[in-house]
Amino acid sequence: MHILFVVSVFSAQEGGGCAERTAQLARALQFAGCSCAVLTLDIGEPRQRRDGIAGAALTVLPCANRRFQAPRGGWRATAEAVRAADIVYLMNHWTPLGAMAYLAARRHGVPHVVDPAGALPLFGRSHWLKRLYNWVVGRRLIARASGWIAITPSELPHFAAYGIAPKQVTVIPNGVWEPEAVAGSGDFFAATRIPPGPCVLFMGRLNPIKGPDLLLDAFGEVAGCFTDVRLVFAGPDEGMQAGLSQRAAALGLGGRVFFCGFIGGELKAAAYRSARLLVVPSRSEAMSIVAVEAGIVATPVLMTDRCGLDVLRSVDERLVVPATAAGLASGLAYALTDAERLKRCGASWQAIVRERYLWPRQADALRALLDGIIRTAREEPCRP
């Protein structure tokens with residue numbers, strides 16, 4: 001089985017959850033005996049991920065417009081990559097590259113599946129352009145797919161809005177590699193020059209949808225009660241860091257709020273192990289990968305109810321809060337008040353992650369799904 005993954009941004013720093021999910025699924029499927037390839041654009045440093053995808057082929061097309069992730073040409077390379085595949089896996093939804101790959105797949109009779117990663121609803125900027133995209137190609141891309149993949153059950157209504165019944169959608173959650181996470185034993189504080197001590201960790205892009213501003217304001221509300229705790233923002237700046245720094249100074253927290261930029265690999269694992277608590281303050285998210293990454297090393301997690309991981313409620317209901325500064329402040333106060341209770345929550349979350357969210361488990365489920373689609377397509381070829 002040869003699988004072509006199509007994702008517009010594959011760079012670890014710029015790509016976020018979609019890039020990470022693509023890389024880890026491709027890697028896990030390679031280990032499971034499949035052949036994988038990734039088609040992407042030259043946004044950021046996608047080639048730096050070669051060593052992390054277990055030999056999967058990587059094709060990088062030039063990008064003409066970073067904001068809209070529009071390729072500059074690339075039709076021939078896309079067609080060649082599609083023709084070589086048994087199935088095309090489209091990640092995200094609102095992407096010209098995905099539309100190109102879909103059209104090539106229809107032309108050459110190659111089945112495709114779609115994994116929007118929570119991106120089917122109209123959200124964010126350029127609503128008019130997204131409506132145009134759906135009118136031109138987006139709705140057909142969804143309707144004519146041979147399979148539909150969600151990260152969590154919360155996405156099922158999104159598919160229903162496109163005419164896809166919930167029973168047709170397969171849920172393949174995000175995952176984590178336990179051996180690598182456990183191996184992250186470096187000194188996070190020494191590497192980042194942050195003074196060692198108890199810290200609340202934010203891991204992700206400094207982007208409004210990720211809610212770092214909500215977390216900062218929440219921390220400001222409780223900081224006086226936990227004077228030894230600092231707040232660390234780890235992740236690439238997407239235009240918010242200067243404003244967050246100014247806000248921290250205005251709250252009198254300039255010496256307790258730190259920014260260490262993008263981190264990955266063993267240093268990222270070390271950051272989780274060094275944190276007293278990971279907070280995921282997102283305003284909207286399909287499923288938080290960072291919450292799972294933290295869980296595998298028994299780091300407790302506080303998150304909003306917009307993160308697609310309500311299973312955390314089974315650890316402690318009060319660790320899932322509204323996506324507001326007040327909600328997060330209440331959660332922080334509860335979590336930080338009792339250190340022993342927090343450790344028990346971390347251990348309980350780790351047990352859930354081990355049971356449900358390891359990448360080899362997700363790869364087995366995905367391989368079975370794709371194999372069935374390919375066998376059906378060979379019996380009933382796709383029509384252009």
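Q: Which residues form one aromatic cluster?
A: Phe202, Phe233 and Phe259 form it. Rings of Phe, Tyr and Trp (its six-membered ring) pair if their centres lie within 6.5 Å; planes under 30 degrees apart count as stacked, over 60 as edge-to-face and the rest as tilted.

Q: What kind of model is this?
A: The model is predicted: local features need pLDDT of at least 70, side-chain atom pairs count only at pLDDT 80 or more, and totals for chains, interfaces and linings use all residues. Residues are numbered from 1 along each chain as its sequence is written, and side-chain values use heavy atoms, with hydrogens and water left out.

Q: Back to the rings. How many aromatic pairs are there in the whole structure?
A: A search of the whole structure gives seven. In one of them, phenylalanine 233 and phenylalanine 259 are stacked, at 5.2 Å centre to centre with 10 degrees between the planes.

Q: Where do phenylalanine 233 and phenylalanine 259 lie?
A: Phenylalanine 233 is in strand β11 (residues 230-234) and phenylalanine 259 is in strand β12, so the pair ties together parts that are 26 residues apart in sequence. Helices (H or I, at least four residues) and strands (E, at least two) are DSSP runs, numbered from the N terminus.

Q: Is phenylalanine 233 buried or exposed?
A: Phenylalanine 233 counts as buried, at 1% relative accessibility. Phenylalanine 259 is partly exposed, with a relative accessible area of 23%. Buried means under 20% relative accessible area, exposed over 50%, and partly exposed in between (1.4 Å probe, protein chains only).

Q: What sheet does β12 belong to, and in what order do the strands run?
A: An open sheet of six strands, in the order β12-β11-β10-β13-β14-β15, with parallel pairing. The edge strands, β12 (257-261) and β15 (320-321), each pair on one side only. Two strands pair if DSSP finds at least two bridges between them.

Q: And β14, what does that pair with?
A: Strand β14 (residues 301-304) is joined to β15 by two bridges, and the two run parallel. There, threonine 304 stands opposite valine 321 in β15. Strand β13 (residues 277-280) also pairs with β14 in the parallel sense, over three bridges. Valine 280 has methionine 303 in β14 as its bridge partner.

Q: Which β14 residues are buried on each side?
A: Val301 and Met303 are buried on one side, and Leu302 and Thr304 on the other, which leaves both faces of β14 covered.

Q: Which residues does the UniProt domain annotation cover?
A: According to the unreviewed UniProt entry, "domain: Glycosyl transferase family" covers residues 197-346. UniProt positions are given in the numbering used here, feature names are shortened, and annotations may be inferred rather than shown by experiment. The span of residues 197-346 is 39% helix and 17% strand, and its end C-alpha atoms lie 18 Å apart.
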